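Here is a protein chain to look at. Take a moment with the sequence and the 3D view before reading on.

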Amino acid sequence: MTVPVSGTGTPWGQRVLVAGAGIAGASAVRFLLGQGTSVTVCDNNSKATRPLVELGAAASTVDEILARDAWVDDFDLVVTSPGFRPDNPMLVAAADAGLPVWGEVELAWQVDRSGITGPPRQWLVVTGTNGKTTTTGMVEAIMTAAGAAVSACGNIGLPVLDALMAEPRSDVLAVELSSFQLYWAPSVQPTAGAVLNIAEDHLDWHGSMSAYIKAKSVALSGPIAVVGLDDPVAGILAATSEGARTVGFRLGTPHPGELGVSNGQLVDRVDWDESGDNSVVALIALDKVRPTGPSGQLNALAAAALCRAIGVGPEAVEAGLESFTVGGHRSTPVAVIDSTTFIDDSKATNPHAALASIRGHRRVVWLAGGLLKGASVDDLVVAVRDRLAGVVIIGADRDIIADAMTRHAPLVPTVTVVTGEDGAVNTADPTAVMARAVRAAWEMCVADPDTPDAVLLAPAAASLDMFAGYGVRGDAFATSARALPGARVLGAS
């Protein structure tokens, strides 16, 4: 995974193989073609490669590449999409031959540092198992309130390369990065980078928890490293980060050099200009922060720290956080029947996120399931079992969750929803599965003598076993809840 490409006149060479024709790969192909580079895009999906071929790229499949002798001699660089694992045979062969392998974010970093797109930007990087998108959006809102030209990009939807090429120019990039993207971007040293929290996730991709943590830690390699001190794993990084200066944030009273909570406000005690002044600077009242609750407050503290690191004043922090609008499928009420609210938190795609979601309610019927990505749900079940009026499980890893319920919460009513005579989930009609699951959840509410506060979709798992994305899954939940007899619609336009 060496970075330099020498003797080619550009940071990326003249002959590039792009692995993957999805959002990240397509962005890389478009940029490289625009720079006159010879590009081959490698993807088994011909429908995805067709528009890139029309732009001038050659197309191949992984098998076709590997079938060619000495194929590595045909390229100066491989740019991989984040979904390609390090053990992919093509990427292994490239690395073994000394051919550099970059992610799309690494390519963007090299392009930005080279000055090809103008003076290098300030990168404010956000990563963590949960809360990345909310925090990145908060950073964008604060920087906008401060009058900066800013783009939210990366894993939030807009590829970083596209942000670099966009007009009008953005001088500040609020960059959400996943562990996959950080793994393939070893050179990135953001102006300020934050690790919000770290819990088991994507272990099937990284192979181990230590490898996952190492990838996340790349965000802390720049001048200012921001870490969530309340998180048991991220908090340890405060003492080990490669950042020239480390700033922590917590929900309690902050020590000098930290951000935290005091007297009903988010506050800052960091001596940013190193003048020796660690006095408390008020940022915003807690009741003005959205989303409400501990998770939203932690996200706001992280966003404030990143922006304060590049000189943003407390007034802009307050104005930006007040203007921030929470994205969809994040603890969004979609319907109510009597005193029970149906809540779409489809964005809770791992056990850590589901734990925070369930803890926000006194008593719930929990709708869970999907792709666990190697994560364990045992600790989650133990932590929330006293809040559960019932559990409805769907998705590919439903048996793992059902087994955890049997072992750790055997008295909680649990239903596994499947379709088809063979007992398998009919993924061709996931909306029917969701409709059955929501009906089963409501029946549990009716049967429970201590009326649950909520039917909560907090899957603790990814959605791609059944749905095109967590948003589609959340929409299916909302549609099913609103179709129940007596349901009053919430949040629909």
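The model is predicted: local features need pLDDT of at least 70, side-chain atom pairs count only at pLDDT 80 or more, and totals for chains, interfaces and linings use all residues. Residues are numbered from 1 along each chain as its sequence is written, and side-chain values use heavy atoms, with hydrogens and water left out. Helices (H or I, at least four residues) and strands (E, at least two) are DSSP runs, numbered from the N terminus.

- Strands of a sheet pair through backbone hydrogen bonds, either parallel or antiparallel.
- Here, two strands pair if DSSP finds at least two bridges between them.
- Strand β2 (residues 38-42) runs parallel to β3, and three bridges join them.
- V41 has A59, in β3, as its bridge partner.

**The seven-strand sheet**

- Another open sheet has seven strands, ordered β19-β18-β17-β20-β16-β15-β21, with mixed pairing.
- Its edge strands are β19 (414-416) and β21 (488-489), and each pairs on one side only.
- Strand β15 (residues 332-337) pairs with β16 in the antiparallel sense, over five bridges.
- V336 has T341, in β16, as its bridge partner.
- Helix α17 (residues 470-482) packs on the sheet, touching β15, β16, β17 (364-368), β20 (454-457) and β21. The direction of α17 makes about 15° with that of β15.

**A loop residue**

- T349 lies in the loop between β16 (340-344) and α13 (351-358).
- T349 counts as buried, at 17% relative accessibility. Buried means under 20% relative accessible area, exposed over 50%, and partly exposed in between (1.4 Å probe, protein chains only).
- Leaving aside neighbours within four places in sequence, T349 is in contact (heavy atoms within 4.5 Å) with K373, A460, A461, A462, Y470 and R473.

**Rings and charges**

- The whole structure holds five aromatic pairs.
- Rings of Phe, Tyr and Trp (its six-membered ring) pair if their centres lie within 6.5 Å; planes under 30 degrees apart count as stacked, over 60 as edge-to-face and the rest as tilted.
- W12 and F31 have ring centres 5.4 Å apart and planes at 75°, so the pair is edge-to-face.
- This pair links distant parts of the chain, 19 residues apart: W12 in the segment before β1 (15-19), and F31 in helix α1 (residues 23-34).
- Both W12 and F31 are buried.
- A charge sits over a ring if NZ of Lys or CZ of Arg is within 6 Å of the ring centre and within 35 degrees of the ring normal.
- R113 lies over the face of W109, 4.1 Å from the ring centre.
- K347 has its charged end over the ring of Y470, 5.4 Å from the centre.

**Cysteines**

- There are zero disulfides (cysteine sulfur atoms within 2.5 Å).
- The sulfur of C153 is 14 Å from the closest cysteine sulfur, in C307, which is too far for a bond.
- C153 counts as buried, at 0% relative accessibility.
- C307 also counts as buried, at 0%.

Methods:
Axes fitted to C-alpha atoms, helices over the stretch in contact; angles between N-to-C directions.
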